[in-house]
Amino acid sequence: MFEKSFDIIVIGGGIIGTATVLSLQKGSKFKILLVESENKLAYHQTGNNSGVIHSGLYYKPGSLKARNCTEGRELLYNFCEDHNIQHERCGKIVIATSDSELDTLDELYNKGVANGLTGIKKLSAAEIKYYEPHATGIAGLFVPQTGIVDYSKVTNEYSKLFLSMGGMIETDCKFLSLKFSGSELIVSTSKGEFKAKFLVNCGGLYSDRVAKLCGVNPGLQIVPFRGEYYKLKKEKEYLVKNLVYPVPDPRFPFLGVHFTRMMKGGVEAGPNAVLAFKRVGYTKKDFSLIDVSQMFFYSGFWKMASKYYKMGFGEFYRSFSKRAFVNALQKLIPEIQEDDIEPGGAGVRAQALEPNGKLVDDFRIVEANKMVHFLNAPSPAATASLSIGRTIAELVKKKFQKEV
């Protein structure tokens, strides 16, 4: 028999939810419950990403992304050191392969400097070879702060610490609805009802739906994009030393297909960014009528589609054509051939989309009575998890004092 009454209930057992409960529990007497719909933590976005510790290179100076990434990156490195989690600050290079990308490369350098990155270095075509002997480009950047880690292990360590401080976690516990009963919240789940004084939504792919079920207008809708990876065959892993990225298209919140050496071994190539027809659609065959209907009846979706349909068709083509995928990879490492790669895993990105068709590029927090909803957690959310968790916890504590 489990307890039914809590000070705070947090929905979502990914890296943001676990970082939030850890920060809330530290130095407090709160009675906190974390609920996760799956049978284990880090099941979706957290457990299916490429494991990169981002530097803060890409983000607008002063934005939530930039502030939380640069602060959270160092907090994460320190956390991994303190808790013996295997990680590596290996650095990465970003490569321009055409003259049209040089201005964007310069902008990235300037953003990196503005965001406090020290040691960031502009590279000539010849200097690229020093860092990645098999890569080719006309110019590049070396970013020493970038690293690699296994975020599932990080999440599990957050949860262990939270539990050791007296917190509670319920898996296989899907959030269903919320209602107010006097001064209390009645949280209905697949494991029954729980009482709470405050609720925090870190629901990831379902964060917008959780908000609506709580009577809150999220002001956006989650649209799922599947990122598909290939991996280098073992005998070809020598082609990549660490991390090799292209110059991203500034119109989109995606970084383009790249090469990532993994902490758990191997080298991934990808991901693309394909519209998924199910919020947890990890394969091309996955389809949800509810998810697709909600997406197609959302005005913001068609506004986005009208602006970016060419890019979308290109991503779908690359999804079904290994040759097209390899062509994109060859821009960075020309030696790569079709036989050198084999299918890898896939992840689904919860991309927030506003009614005007704008892709939300920054973190988004919506406050309501006795609630905080964290609605958009794109990359570098995992890198910034400790900083984000602390930010949410501070906001919750202030609201808790005023509203409870």
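**Entry 1: α2 against α5**

I looked up how α2 (64–82) meets helix α5 (residues 151–164) in this predicted model. Their axes come within 12 Å and cross at roughly 75 degrees; axes here are lines fitted to C-alpha atoms, for helices over the stretch in contact, with angles from 0 to 180 degrees between N-to-C directions. I can therefore call α2 roughly perpendicular to α5, a label for angles of 65 to 115 degrees (under 35 is roughly parallel, over 145 roughly antiparallel, the rest oblique). Helices are DSSP runs of H or I with at least four residues, strands are E runs of at least two, and both are numbered from the N terminus.

Which residues make the contact? From α2 I noted L76, F79 and C80, and from α5 Y151, V154, E157, Y158 and L161 (contact means heavy atoms within 4.5 Å). By class, this contact has 7 nonpolar, no polar and 1 charged residues. Ala, Val, Leu, Ile, Met, Phe, Trp, Tyr, Cys and Pro count as nonpolar, Asp, Glu, Lys and Arg as charged, and the others, Gly among them, as polar.

My bookkeeping: residues are numbered from 1 along each chain as its sequence is written, and side-chain values use heavy atoms, without hydrogens and water. Local features need pLDDT of at least 70 and side-chain atom pairs 80 or more, while totals for chains, interfaces and linings use all residues.

**Entry 2**

Next I traced an open sheet of 3 strands, in the order β3-β8-β4 with antiparallel pairing. β3 (52–53) and β4 (87–88) are the edge strands, each pairing on one side only; strands pair if DSSP finds at least two bridges between them. I found 2 bridges joining β3 to β8 (residues 147–149), and V52 has I148 of β8 as its bridge partner.

**Entry 3: cavities**

How many cavities of 30 Å³ or more does the structure hold? I found 2. A cavity is a set of points on a 1 Å grid over the protein atoms alone where a 1.4 Å probe fits but cannot get out, and lining residues have an atom within 4 Å of a point. Points are joined across faces, edges and corners, and volume is the space filled by probe spheres set on them.

The largest cavity has a volume of about 40 Å³. Its lining includes L64, N68 and F363, and α10 (385–403) gives the most, with 3 residues.

Definitions and conventions:
On a 1 Å grid over the protein atoms alone, a cavity is a set of points where a 1.4 Å probe fits but cannot get out, and a pocket is an open set with protein on both sides within 12 Å along at least five of seven lines; lining residues have an atom within 4 Å of a point.
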